[in-house]
Amino acid sequence: MKKLLCVLMLLTALSLCDCGADTPAATFCGTVVRVTDDALLCAQGGDAGGLYFVSRDGALADCADDALAPGTILEMDYNGNQLDSYPARIGGAQAVRLTAGDDRVGLYLAIIDALWNMDAALSDGARYLALDLSAAENLSAGERAAVAYLASCAYGVEPLEAGYDALCAQSYIEGGAFPGGILVTFSDMRFGDDSFTFSVRTWCSGTAAYFFTHCAAQLTDGVWGYTLGGAAVS
C-alpha cells in the first residue's frame with residue numbers, strides 16, 4: 001500500500017509539473033500587417049504601439065496563409081519569451097484566436113508608394129523617410145509604426161515618425177529644406193464607418209513637392225481602395 005501511495009504521489013507531482021509547463025506566461029494581441037514563411041509581422045493594439053515578429057511555430061505552425069492575411073486580428077497565448085530586437089520577436093504559441101479585420105496598413109503603404117514613384121528625381125538618393133501620420137486617427141500607434149517600418153524596408157531608407165516641426169527641432173530640416181529626406185504628410189482627414197477622405201503630400205524643400213488632394217478611401221467587401229481627387233506638383 002505504501003509503495004502504491006508513493007507511486008500515485010509521484011504521478012500526481014509529474015502531472016502538476018506538466019500542467020505548469022503548458023500554462024501560458026503571456027498573452028499577445030495585435031493586427032497582422034505582413035506574412036512571411038516563418039513569421040508574422042504584427043502591430044500591437046492600444047497605446048503601447050509595439051511592432052512584433054511572431055514566429056509561426058507552436059499553435060501557429062498549422063495555420064494557412066489565407067487564415068493569417070494582413071488585417072487579421074491575432075490573439076495568442078505564448079511562453080512569454082521575447083527577443084530584444086526591432087521589431088521584437090516572440091513565439092511559442094500555445095493557443096491562437098483569429099478574428100477577421102481589414103488591411104488599412106496596406107492601404108497607407110499603397111498611397112505612399114504612389115507618391116514615392118511620381119518622380120524618381122525626388123526620391124533617388126533619399127536617406128530618410130519621415131511620416132507624419134498624426135491625423136490618421138484610424139491607425140493605432142502600432143499600425144503607424146508598421147507603416148513607417150515597412151515603407152523604410154521597401155525603399156531602403158531610415159524611417160522617422162515625425163512631422164515638420166519635430167524635424168526642424170531635431171535639425172533634420174534646416175533653411176527650409178530636408179537634405180537627404182522626404183516628408184510624407186497626411187492631412188484634411190475625415191472619417192466614416194468604412195471610409196475616409198484625405199490629402200497627402202511628399203516634400204523635401206519649398207520647390208520640391210507632390211500632392212494628392214481631395215482623395216477618398218472606401219472599404220468594400222473587406223478590401224480598401226482609394227480614388228484621387230486631384231494631383232499637383234510644386
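This is a predicted model: local features need pLDDT of at least 70, side-chain atom pairs count only at pLDDT 80 or more; totals for chains, interfaces and linings use all residues.
Trainee: What makes Thr 31 count as buried?

Mentor: Residues under 20% relative accessible area are called buried. Thr 31 has 16% relative accessibility, so the residue counts as buried. Thr 31 lies in strand S1. Not counting residues up to four places away in sequence, Thr 31 touches Leu 41, Cys 42, Ala 43, Gly 71, Thr 72, Ile 73 and Glu 143.

Trainee: How do you know that S1 and S4 are paired strands, and in which sense do they run?

Mentor: Pairing requires at least two bridges found by DSSP. Strand S1 (residues 26-35) and strand S4 (residues 73-78) are joined by 6 bridges, so the two strands pair by that criterion. Their directions are antiparallel. Within this pairing, Cys 29 has Glu 75 of S4 as its bridge partner, and Thr 27 stands opposite Asp 77 in S4.

Trainee: In what order do the strands of the open sheet stand, and what is the pairing called?

Mentor: The order is S5-S6-S3-S2-S1-S4-S7, which gives 7 strands with mixed pairing.

Trainee: Why are S5 and S7 said to stand at the edges?

Mentor: Strand S5 (82-83) and strand S7 (95-99) each have a single partner strand, so one side of each is left without a neighbour in the sheet.

Trainee: Which helix packs on the sheet, and which strands does it touch?

Mentor: Helix H4 (residues 141-155) packs there, touching S1, strand S2 (39-44) and strand S3 (51-55). The direction of H4 makes about 130° with that of S2.

Trainee: How do you know that the span of helix H2 is close to the expected one?

Mentor: The expected span is 1.5 Å times one less than the number of residues. Helix H2 (residues 104-116) has 13 residues, for which 18 Å is expected, and its first and last C-alpha atoms are 18 Å apart. The buried residues of H2 are Val 105, Leu 107, Tyr 108, Leu 109, Ile 111, Ile 112, Leu 115 and Trp 116.

Trainee: What makes S12 and S13 a paired hairpin?

Mentor: Strand S12 (residues 208-220) and strand S13 (residues 223-227) run antiparallel and are joined by 5 bridges, where at least two are required for pairing. The hairpin has 2 residues between its strands, and Asp 221 in the turn has a positive phi of about 55°. Among the bridge partners, Thr 227 in S13 is that of Ala 216.

Trainee: How many helices and strands does the protein chain contain, and what share of its residues is buried?

Mentor: The secondary structure comes to 5 helices and 14 strands, and buried residues make up 41% of the 234 residues. The chain exposes about 12200 Å², of which carbon and sulfur atoms supply 53%.

How values were computed
Residues are numbered from 1 along each chain as its sequence is written. Side-chain values use heavy atoms; hydrogens and water are left out. Helices (H or I, at least four residues) and strands (E, at least two) are DSSP runs, numbered from the N terminus. Contact means heavy atoms within 4.5 Å. Axes are lines fitted to C-alpha atoms, for helices over the stretch in contact, and angles run from 0 to 180 degrees between N-to-C directions. Buried means under 20% relative accessible area, exposed over 50%, partly exposed in between (1.4 Å probe, protein chains only). Accessible areas come from the Shrake-Rupley method with a 1.4 Å probe; for residues, only the protein chains shown count as cover.
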